[in-house]
Amino acid sequence: LFTIQNLAICLLFAAMLTACAGKGKENWRQFRGENRDGKSPSVNLINNFTDNAPKKLWQHDIGSGFSTILIEGDLLYTMYLKDSSEHLAAFDNEKGNGIWSPEVGAALYNEFGDGPRSTPVITDKMIYALGTNGDQNDVTKNDGKLIWKRSFSRDYQRTTPRFGFSMSPILFGDLLIIEAGGKVEGEGDARKSYDNLIALNAETGEEVWKHTFEGRSSYSSPIQLDYPDGPQIMFITSGRIKSLNPADGSVIWENRVHGAIAMPVLLPDMRLFISNPDQGGCTMLQLDKAGKAPADTLWQNKFMRNHFNSSLYHNGAIYGFSNATLRCIDAETGKRLWNKRGLGKGSLVEADGKLFVLSDKGKVVVVEATSEEYKELGSFQAIEGKSWTSPTIANGKLYLRNFSQMAAFDLRKSSL
């Protein structure tokens, strides 16, 4: 007989299967992926893209913006501009259909492109999204309901930067850590700018700590450094590195460096790669392995000058766009190894030993991730128009967006 006990056992078994299935899925829940490094765990992807163009799963029109696509489970998220307001939106992963899209701030209009710059960060229940005018929002993941909002312009007297608030926040436990900017005092030679690095209680939005200093805020996003005595959160701002204790915001160490827009790249053995689009070029630093002293410069040159998209590290080499040239340099020496022109100010991510490169006109070029030579595995025109947003890869699928379109492609060998 089918008893209540049998039913309970069946329901428990079904729940276990569901949980196991969920755990097997890959996520991309923050800027540059789960580890903020531009690398996806997806494997068994198509090798020959010349003869086997990936299947397009769907394509939809969306509003303008630069925010990357985030993936969690069966949903994807991004931000865009629509009807003079910026929106955080959730979509069905399978079809790309919209589910909810609350307003998160007023529009920013700019000669280089309108709409959000920052990429949100996802937790178990919440999504934290920063608008280009400095509105930090916390909304529920299941229905987009606003829980709290902070205005950096109001709370820290920061006027909107020329290109908008662009940093992507980082989570540390129950803290949301971000650069909020600060006030400007005086005129002419007496003019002074101030900046604030802050931590907000992720549940309430209340300020937990702030570090205020003289300097201008940046567009670069922070990363986490893991040391034997505990993690630190590192910012590049106002021509310096500041590495902070995430518990109280105290500065543990700092270095003078050229400024950066692109997020820095953390390499094995606690090396740090920083790239500047101007004459500063790129620098490789050796961080103090105890995390208590300033870093030492290993080498510096002008072979990699990232503009707004970051480089990535793979098997001893650094790959990225030196302004409008795709380039590979040796991570040990900084030596230039190969170049590829013709892709504009593109972006790239790595998966399955391949570089998935998106040109600034929406063409995807797949390149073997090797420092020996530029070895192209194929290409296809994925979307049309200016494409400055870095790709996302999760569960063998490639997600792309530009100023007007969003699309998904199946990269799995099993899809052929």
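**Close-up views of a predicted model**

**View 1. Tyrosine 319 and tryptophan 338, both of them buried.** In this predicted model, the aromatic pairs come to a count of 14, and among them is the pair that tyrosine 77 forms with tryptophan 100, tilted at 45° between the planes and 6.0 Å centre to centre. Tyrosine 319 and tryptophan 338 likewise form a tilted aromatic pair, with 6.0 Å centre to centre and 50° between the planes. Distant parts of the chain are linked by this pair, since tyrosine 319 belongs to strand E26 (residues 317–322) and tryptophan 338, 19 residues apart from it, to strand E28 (residues 336–340).

**View 2. The tilted aromatic pair of tyrosine 77 and tryptophan 100.** Tyrosine 77 lies in strand E4 (residues 75–82) and tryptophan 100 in strand E6 (residues 98–100), 23 residues apart, and the pair thus links distant parts of the chain. Tyrosine 77 counts as buried because its relative accessibility is 2%, and tryptophan 100 is buried as well, with a relative accessible area of 10%.

View 3. Valine 257 counts as buried because its relative accessibility is 16%, which falls under the 20% cut-off. Apart from neighbours within four places in sequence, valine 257 is in contact with Ile236, Gly239, Arg240, Ile241, Ile274 and Leu285.

Terms used. Residues numbered from 1 in each chain as written. Predicted model: local features only at pLDDT ≥ 70, side-chain atom pairs only at ≥ 80, totals over all residues. Heavy atoms only, no water. Buried < 20%, exposed > 50% of the residue type's maximum accessible area, 1.4 Å probe, protein only. Contact = heavy atoms within 4.5 Å. Phe/Tyr/Trp six-rings, centres within 6.5 Å; stacked < 30°, edge-to-face > 60°. Helix = DSSP H or I, 4+ residues; strand = E, 2+ residues; numbered from the N terminus.
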